[in-house]
Amino acid sequence: MYVLSESLSNPNRIPGVKLSQNPLSYLDQIKQGNTSGLMDSYGYGGGTANIEFEALTSLSMNNFAPSMSIPYLYLVPKLKKIPTVMDDFTTKNAIYPFTPTIYSRNRVFKKFGFQHFYNLDSKDKLAYTNKIQNSNYISDDSAFKETLKQVDRTKKGQFIQLTTMQNHMPYLTNDYQNTIKVSGDLTKNSKSELETYTQGINFTDKALKRFISEINKIDKKITVVFYGDHLPSVYDFKTDNDVKQAKYDQILHQTDFFIYSNFKSSVVSQNKVVSPYMFTPMMLAQTNSQVSPYYALLTDVWEETPAAEREKIMGDDGNYLSTKTLNKNTKQIMSDYKMIQYDITSGNQYTYQTDFYKAK
């Protein structure tokens with residue numbers, strides 16, 4: 001299961017922000033004992049489809065020209081083939097408790113090979129559509145229940161993609177009865193929005209605990225890749241806002257992630273910073289799975305340059321690296337990865353004439 005949790009990232013990492021309680025206490029707990037860390041996001045306040053694209057294809061937005069703004073719209077429809085984590089699964093279903101035409105997901109997911117796409121407008125009806133208090137969005141608890149329902153639809157292995165909507169903007173004062181107070185160096189409006197957002201992710205945290213508890217009861221091997229796609233654009237500072245936005249740019253692009261298996265597996269990385277296109281090689285390493293040459297290359301990329309977004313390269317400590325400091329082997333791996341991505345997206349797809357994408 002790949003679970004993209006809309007706008008999920010703990011506000012307590014933002015300097016100058018104080019919360020009356022930790023809204024993601026269970027998430028912090030599950031991160032401690034599993035493969036986990038921070039994800040360096042391409043976006044801030046938006047860009048969900050691009051992060052989802054990176055996670056599912058293991059292709060990097062950083063390798064595209066700036067003009068490639070949304071691959072779902074301007075790239076995927078033109079390609080004959082595109083590698084995805086779902087390729088080795090015969091059964092694959094997607095869930096998005098909202099309108100499927102946003103970013104043309106209905107067309108993209110069909111090209112990706114999803115047999116069923118459960119959303120608000122599809123023939124495949126959502127069974128769980130409850131909302132919380134005055135929110136306009138289907139709750140994460142309902143989305144998780146919908147995901148668990150898919151597990152029972154087949155006795156064979158399958159891939160499930162879930163993108164949630166509960167914590168999507170706007171964050172209105174009357175959405176929830178807020179119980180978590182926000183203070184610190186923020187404008188009045190920013191505090192108000194952040195309190196609603198923080199209450200929402202606290203509901204997510206409680207639903208996530210129930211979700212993992214149910215997964216642990218299922219007599220099947222299940223691995224969950226769970227991540228926030230980007231931060232909400234609600235951080236406006238009272239003093240020197242522009243200066244602080246620039247100063248905290250790195251932090252404002254870091255969300256939470258973990259990879260959890262309900263069976264004995266390895267912890268392959270912890271408290272590190274990675275890009276979303278690294279999730280699949282990490283998942284394959286955790287589950288001790290056979291890999292294709294494609295994912296073998298991506299494993300090398302993960303080990304050498306685990307995060308690269310917005311034309312910046314990071315080490316796994318989250319600090320920026322200068323290309324001048326990279327050794328010859330690392331530069332070669334990065335070059336190989338970029339050339340493979342070029343072959344897939346702009347070239348003649350020569351790699352598809354080989355066994356490059358087949359697990360060995």
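Rings of Phe, Tyr and Trp (its six-membered ring) were taken to pair if their centres lie within 6.5 Å, with planes under 30 degrees apart counted as stacked, over 60 as edge-to-face and the rest as tilted. By this rule the count comes to 25 aromatic pairs. The model is a predicted one, in which local features need pLDDT of at least 70 and side-chain atom pairs count only at pLDDT 80 or more, while totals for chains, interfaces and linings use all residues. Residues are numbered from 1 along each chain as its sequence is written, and side-chain values use heavy atoms, with hydrogens and water left out.

One of the aromatic pairs, Y72 with F112, is edge-to-face, at 6.1 Å centre to centre and 75° between the planes. The pair links distant parts of the chain, with Y72 in helix 3 (residues 71-74) and F112 in helix 4 (residues 105-112), 40 residues apart. Helices (H or I, at least four residues) and strands (E, at least two) are DSSP runs, numbered from the N terminus. Y72 has 1% relative accessibility and counts as buried, as does F112 at 4%; buried means under 20% relative accessible area, exposed over 50% and partly exposed in between (1.4 Å probe, protein chains only). Y352 and Y357 form a stacked pair, with 4.4 Å between centres and 25° between the planes.

Y72 and F112 also belong to a cluster linked by ring pairs, which includes Y2, F53, F64 and F109. Contact means heavy atoms within 4.5 Å. Leaving aside neighbours within four places in sequence, the contacts of Y72 include A49, E52, F53, L56, R105, F109 and F112.

A nonpolar core is a set of buried Ala, Val, Leu, Ile, Met, Phe, Trp, Tyr and Cys residues joined through side-chain atoms within 4.5 Å. The largest such core has 56 residues, and among those with the most contacts inside it are F53, Y72, F109 and F112. Helix 9 (293-304) is among the elements that give two or more residues to this core, and helix 9 gives the most, with six residues. A second, separate core of 42 residues includes L8, L148, I212 and Y248.

In helix 1 (residues 25-32), the buried residues are Y26, L27, I30 and K31. These residues lie on the same side of helix 1 because they cover an arc of only 140° around the axis, the arc being that of the directions from the helix axis to the C-beta atoms. The face turned away from the buried side of helix 1 carries the exposed residues Q29 and Q32. The cover over the buried residues of helix 1 includes strand 3 (35-40) and helix 6 (188-217).
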